[in-house]
Amino acid sequence: MKIKGKEIKGIIFDLDGTLIDSCSIWHEVDHDFFAKRNMELPSGYAEAIGHMGLDKAAIYTINEYHLNEKKEDIINEWKNAVLDKYAHHVFVKEYVKEFLDKAKEEGTLLCIATANSEECYKSCLINNGIYDYFEFVLDVTSFDCGKEKPDIYISAANRLGLKVCECAVFEDLLLALNTAKKAGFVSVGVYESSCKDEKEKKEIADLYINSYKELL
């Protein structure tokens, strides 16, 4: 598969907002979480925690907003709020399935690097019929710096048996996109309606898409 004239042998996908339309659900969860504590949803909160994984996001939330609560309780509250929605009400973005079919037909290796938990994403991927498309799913919580550093992407490339320059990273978050780009991956920015950094994403990414239809 060629992207921007470069031969790509592997693709590392983010999940939420990149492959699946789930960001509105997390917005609802975040809004309800702070409303329950008589607080407004802080500006930029989703962008701040989006790359961290639930464990680090809970710690950040406790420290940043001075909550006298346990990390485990916050994580369980989040999980309980989204599990059913992921299993039954979250769907892939338009033309994702068709693009994955094309990539597989061309022999491109596919994997996912996500800040989400397996309890949420596995049922969603199965329900949408794309779980078996991916060689593996990497959990950002296994890496110290989330997606602020490229460790998770480099690990994914190594597991695919590929060089960094042979892999593309698809992301909807500016921070993660920038990390992948600086590390030498072909960076593909994916439009996400909930993001506020679309202009910056277009400037940074090697390729920016509004829809996967553009890649078919």
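**Close-up views of a predicted model**

**View 1. His66 is exposed, with a relative accessibility of 72%.** Exposed means over 50% relative accessible area, buried under 20%, and partly exposed in between (1.4 Å probe, protein chains only). His66 sits in the loop between helix 3 and helix 4. Although not a glycine, His66 has a positive phi, near 50°. Helices (H or I, at least four residues) and strands (E, at least two) are DSSP runs, numbered from the N terminus. The model is predicted: local features need pLDDT of at least 70, side-chain atom pairs count only at pLDDT 80 or more, and totals for chains, interfaces and linings use all residues. Residues are numbered from 1 along each chain as its sequence is written, and side-chain values use heavy atoms, without hydrogens or water.

**View 2. Tyr95 is another non-glycine residue with a positive phi, near 70°.** Tyr95 belongs to the loop between helix 4 and helix 5 (96-105). At 24% relative accessible area, Tyr95 counts as partly exposed.

**View 3. Helix 6 (residues 118-127) has Cys120, Tyr121, Cys124 and Leu125 as its buried residues.** These four lie on the same side of helix 6 because they cover an arc of only 105° around the axis; the arc is taken from the directions from the helix axis to the C-beta atoms. An α-helix has 3.6 residues a turn, so residues three or four places apart point the same way. Helix 4 (71-88), strand 4 (109-114) and strand 5 (137-139) are the elements against which the buried residues of helix 6 pack, contact being heavy atoms within 4.5 Å.

**View 4. The whole structure contains zero disulfides.** A disulfide is counted when a pair of cysteine sulfur atoms lies within 2.5 Å. For Cys120, the closest cysteine sulfur is that of Cys124, at 9.2 Å, too far for a bond. Cys120 is buried, at 0% relative accessibility. The sulfur of Cys165 has its closest cysteine sulfur in Cys167, at 8.2 Å, also too far for a bond.

**View 5. The largest pocket holds about 660 Å³ of space.** A pocket is an open set of points on a 1 Å grid over the protein atoms alone, where a 1.4 Å probe fits, with protein on both sides within 12 Å along at least five of seven lines; lining residues have an atom within 4 Å of a point. Points are joined across faces, edges and corners, and the volume is the space filled by probe spheres set on them. The lining has 30 residues, with Trp26, Asp30, Ala46, Glu47 and Gly50 nearest the centre. Helix 1 (23-35), helix 2 (45-49) and helix 3 (54-64) each contribute at least two lining residues.
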